[in-house]
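The entries are in the order in which I looked things up.

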There are 4 protein chains.
Amino acid sequence: MPIFETQEEIPEIRERLHRVGITNLRTVAKINWKGRVYTFLPLFEITIDVPEEKKGIHMSRLVESITEAMSEAVEEEVMEAHSSLEELGKAVIYRLEGKHPHKRAEVWIRTHLIIPRETPASKKTTYEPYDVEVGVIKNEDGSFEKILRVKVIGNTACPHAMANNNGKTHIQRAIGELEVRTAFDEEIALEDMIDVVESSFSHPTYTLLKTVDENAVVQGMYRNPKFVEDVAREIFAKAKKRFKGRIHVRVISNESIHKHDVIAETWS
Amino acid sequence: MPIFETQEEIPEIRERLHRVGITNLRTVAKINWKGRVYTFLPLFEITIDVPEEKKGIHMSRLVESITEAMSEAVEEEVMEAHSSLEELGKAVIYRLEGKHPHKRAEVWIRTHLIIPRETPASKKTTYEPYDVEVGVIKNEDGSFEKILRVKVIGNTACPHAMANNNGKTHIQRAIGELEVRTAFDEEIALEDMIDVVESSFSHPTYTLLKTVDENAVVQGMYRNPKFVEDVAREIFAKAKKRFKGRIHVRVISNESIHKHDVIAETWS
Amino acid sequence: MPIFETQEEIPEIRERLHRVGITNLRTVAKINWKGRVYTFLPLFEITIDVPEEKKGIHMSRLVESITEAMSEAVEEEVMEAHSSLEELGKAVIYRLEGKHPHKRAEVWIRTHLIIPRETPASKKTTYEPYDVEVGVIKNEDGSFEKILRVKVIGNTACPHAMANNNGKTHIQRAIGELEVRTAFDEEIALEDMIDVVESSFSHPTYTLLKTVDENAVVQGMYRNPKFVEDVAREIFAKAKKRFKGRIHVRVISNESIHKHDVIAETWS
Amino acid sequence: MPIFETQEEIPEIRERLHRVGITNLRTVAKINWKGRVYTFLPLFEITIDVPEEKKGIHMSRLVESITEAMSEAVEEEVMEAHSSLEELGKAVIYRLEGKHPHKRAEVWIRTHLIIPRETPASKKTTYEPYDVEVGVIKNEDGSFEKILRVKVIGNTACPHAMANNNGKTHIQRAIGELEVRTAFDEEIALEDMIDVVESSFSHPTYTLLKTVDENAVVQGMYRNPKFVEDVAREIFAKAKKRFKGRIHVRVISNESIHKHDVIAETWS
C-alpha cells in the first residue's frame, strides 16, 4: 500500500509558520558535566519553521532526533555524553538537520538541578533544588544562539516595615528568575546564574537547617532588608557584569501580609 | 435513522462504577444570598453511579441538569435564585432525578468568594478573595450530605526562631484549608468557615494595606507567633466547637527560610 | 510617630525597572456590555516603571486604583459600568495617574467568558467557556495600546492518518490562542476573536450535545481534517483580515496517539 | 547561648495532629532496580504524628532522614542502593526512628518513570513517560503499608458515536490512574500496574510513531471503541485479579467534542 505524505502537499492557505513541532515531551537525558554524569528527566520542546508551500511537518522525525542524540551519547559511553544541556540541545538540532528540511530550529529543555551546598553555621551538606530551562536556537543564517533561564527561591524582608516598626518587619518567600540570551559559544554556567540570583535576596534559603543555621538565616534576613525592587536591581546589575548577552530579570514575592504577590521586572 | 443507545447495552466486564460523569465544566451561576445576587464562574463536576449491567451513562443529561437548574432560577426571577451554592447543587441533583436513573449522585462546585473587609488601622474597605468548594452528595438511601471546603491565605511567624533570636523570627505566607462534612440541612455559612481559618493564623492578611495598616499587621504577627501546628490545632478546635460534622484541617506554610513547604494536618 | 517612606530613598544600585507592581490579585469586576451587566472574578496585574533614583513603589496605591475604578463604576450605577475589560483597565490607569508618579503603566485582567451558543442539530442553548486576557499599556509618550488574548478549545482530525487509513484517523482536543496587539481605540470584540479561532478547528466543540448534535460534530470533523498547522494558518489568515494590529497565533493539540502535544505558532 | 526548644513545650490547645512534616521537597534519588541504577528527581513529603502535649516537631530531622537514607545508599556503593522507591521510603522512616519520637509516619515520593517500549509496526524503540507516586506508611502498631499510584496516558474511541455514524467516531486522549493500597511486603511492580492501565484503553500511545505505526494505532482504536466507563471497568477487573490490596481506579477523558472532561471512578 502506498503511503500518502499529506505533509508534503500545498496547503490551501499559504502562510509561513515560524514554530511547528512537539512540546511537553518528557524523557530521560544524561549530561557529563566536568567528568561526572548527571541524569535528568526533562521536558522537551522542538520546533522548526514550515514554508508557505508545505502543509505540515513529519513530527516523528523530531522525536527521533531526541532519541538518537541521547543514544549517540550512550553509545560513545556515558563518559562521552553531552557536556551540558545546551550541547544536548545542539546535538538534537544536528540530528534533525539530516532528517527534516528547515531554515530555523529551536530546542527547549526544562528540568531541575539539585546542587549540594553547605548550611551557614553547622556546615552540614544540604541539597538545593533549582528550576532551569535551556533553549537552543538555530537561526536562518545557520548561526546558533542560546537562552538560559534559572528560577531560584529566596526571601525578602521589607525595609519599609522595618523602618516603621523598630526593626520588626514582614518577611516572605520570593522567587527570582534570570534569563540570558547570548551567542551559543558564550560560556555561561547555569550554576553561576543561580549564584547571581541566590546571592541577591535578603538571604539564601536551605533545605536543611539546624537551629544554629536557622538563627544565622534569621539574623541575616534582618541585617539585609530588601524590597522586591532591590532584589531585581541587584540580580540585574550583577548579571550585566558577569554575563555577555541580553538579560531579563523577574522577581516575585509571595507577600506574607497580602493574599496577592508583588513583582519587579526589568531587562536590557 | 434509528439512534443506537450503546450506553444501555450490557458491558462485557460487569463491575459497578461509583462515580461516572462530567468534570472541569466551567459555567456561570447566580446565587441569591441574603437578598443580594452574586455571580460566579464556577467549575462543576457531576457524577452518578452506574450499575453492573449498564455500559455507560448519557453524559448530556448531566449537562442539561446544570443548565436547567440555572435557568429555572433565572425564570423565577433572579431574586428567587438558589440561596447558596449547596442549594444550587441540590437543584442540579433534583433536575437529574427526572432525567437519568441512578442510586447515588454527587455535584461539586468550585469557585472564588470575594468578601469585603475593613483594614485593621485605617478602616478602609478591602476585598479579600477565598477559594471555596461545595459538594452535595445524594446517598443510596436518598439522604443528602454536603461537604464544604474553604481555602484561606494567612501567615505564620515562627515561635522557635523568635525564642532563639531575641524576638526576631522568620515569617511567611501560609494557606489554611478547612473541610466540614455534614448533613445537608446543617446550616453552615462558608463565611463562618473562612472566619475560623482566617482568625487562626499569626495574623489575617489584606489586599489593601496603607502604612498604618501594614504596621498593625506586622506588630500583630510578632505578638502572635505560631507554628503551622498551632494554626492547625486552632482551626480544628474552633471548627469542632462551631460546626457539627466531620472536620478535616490542613495548613501549609510556604517557608521563607526553606525552598520546601511545611504541613500540618488533622481530622475528626 | 513619623512614617518613613523608604520607597522614596535613593537605592544603592541605580537601575531603572520597567515593571514593578502587584500580581495574582483576585477580585470582582462588573462590565456593562451592550446594556447588560456581566460579573467577573478576574486576576489582576498592575505595574508601573520605577526610575533609577527611587528605591521602590507604594504598592497600596495600585490596589486602591483597582478598588476605586470599580466603585466609581458602581457609584455611577452599575448600568454606567465600564463597557469592556479594556475600558476597566484604562480606568484603573487613570485612577493611578493621580496617585503615583510613573512614565509607563500596564494593567492585565485575566478571566473567563461564558457565551451562549446553539447546538448544531437540536438547536438547544449551550453555554461555552473561554479564557480571555486583556492588557492595557500606557506608553511613555502617553499613548495607550492594548493586547487582547483569547484561548479556545476545539479539535483536530489528522488528514495524514485519514489518507492512509481509508478515512479512519486520529482525533483530539486542541487549544487555539490568538493575541492581537493594537492601538487602544481600535474596536475589536473578544467575541469576534473567539469566533476566528473557534471556526478554524476541524469542528467547534459544545458543552451540551444530544445524540443528533454529537453526530453532526463527528460528521463535521471527518469532513474537515486538519493538521495543527492548518488550524494555525487559518486563524492567522482570518485574524489578519479582520483585525488591525500585530497578530500572534499558537495552537496546541493534545494528541490522542501520543503522550506529548504538538504545537504550531506564527506571528506578524 | 542556650537554645530554646519551643517544639517541646505544651501547646495551649491540646489536639493530636495526625500528619505534620515537610512537603514539596525536591531532591535527587537513586534506585538500583534489578541491577541497574536509575536516577530520579522526586518530590518528597514526610510526616509524623504529634501528640496532644507537644507543640511542634523538629522539621530539620525529617530532612536529615531523607539525606541520610540517600547517602547511606551511596556510601554502600550505588550498586547497593535501595531496590525500589518503597524501599527508599522505608529507609527514610528507619532513619527517622532514631531521630524523632512518633507513633505514625508517612513518606510520599512522586516522580516520573521513563520505560522503553517497542512501536507497534516498525518495532523501533520508543521511551514512554509515566507519573508514579509511592507512599509508605508506618502504622501505630509498627506495621508497614504502602500505597502505589500510576498515571498513564492513553485514548478512548467512543462506541456510541461509532454505532450512530457508520464507524466514524470521536477519539481523544484519556488519562488512567490506578492506586493499590497493600501490605508493605506485597510484591507489586509499578511497571505491572502501568501495564494494567495502558492495556485497558482503546489503544496504548507512543512517543515515537512512524507512518506504519500511526496506522496500526489508528486501526487499533477503531477496532476497540471504549467509553471511559469501559476503561475504568477493565483496569479495575484486571487490577483485582493481579494485585492483592485495596484498588482505586479513576479515568479522565479530555473529550474532543466538548470543552470539559468526562470521568469514571470506582474502588474496592
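The entries below cover the cavities and their linings.

Entry one, ground rules. I worked from a predicted model, where local features need pLDDT of at least 70, side-chain atom pairs count only at pLDDT 80 or more, and totals for chains, interfaces and linings use all residues. Residues are numbered from 1 along each chain as its sequence is written, chains are lettered from A in the order in which they are written, and side-chain values use heavy atoms, with hydrogens and water left out.

Entry two, the count. I took a cavity as a set of points, on a 1 Å grid over the protein atoms alone, where a 1.4 Å probe fits but cannot get out; lining residues have an atom within 4 Å of a point. I found three cavities of 30 Å³ or more.

The lining includes Arg26(B), Met70(B) and Tyr127(C). β1 (17-26) and α1 (59-75) of chain B and β6 (125-138) of chain C each give two or more residues. α1(B) gives the largest share, four residues. I sorted the lining into six nonpolar, five polar and one charged residues.

Among the lining residues are Thr126(A), Leu208(A), Val63(D) and Ile66(D). α1(D) gives the most, three residues.

Helices (H or I, at least four residues) and strands (E, at least two) are DSSP runs, numbered from the N terminus. Ala, Val, Leu, Ile, Met, Phe, Trp, Tyr, Cys and Pro count as nonpolar, Asp, Glu, Lys and Arg as charged, and the others, Gly among them, as polar.

Note on methods: 1 Å grid on protein atoms, 1.4 Å probe; cavity = no way out; pocket = protein on both sides within 12 Å on 5 of 7 lines; lining within 4 Å. Points joined across faces, edges and corners; volume = space filled by probe spheres on them.
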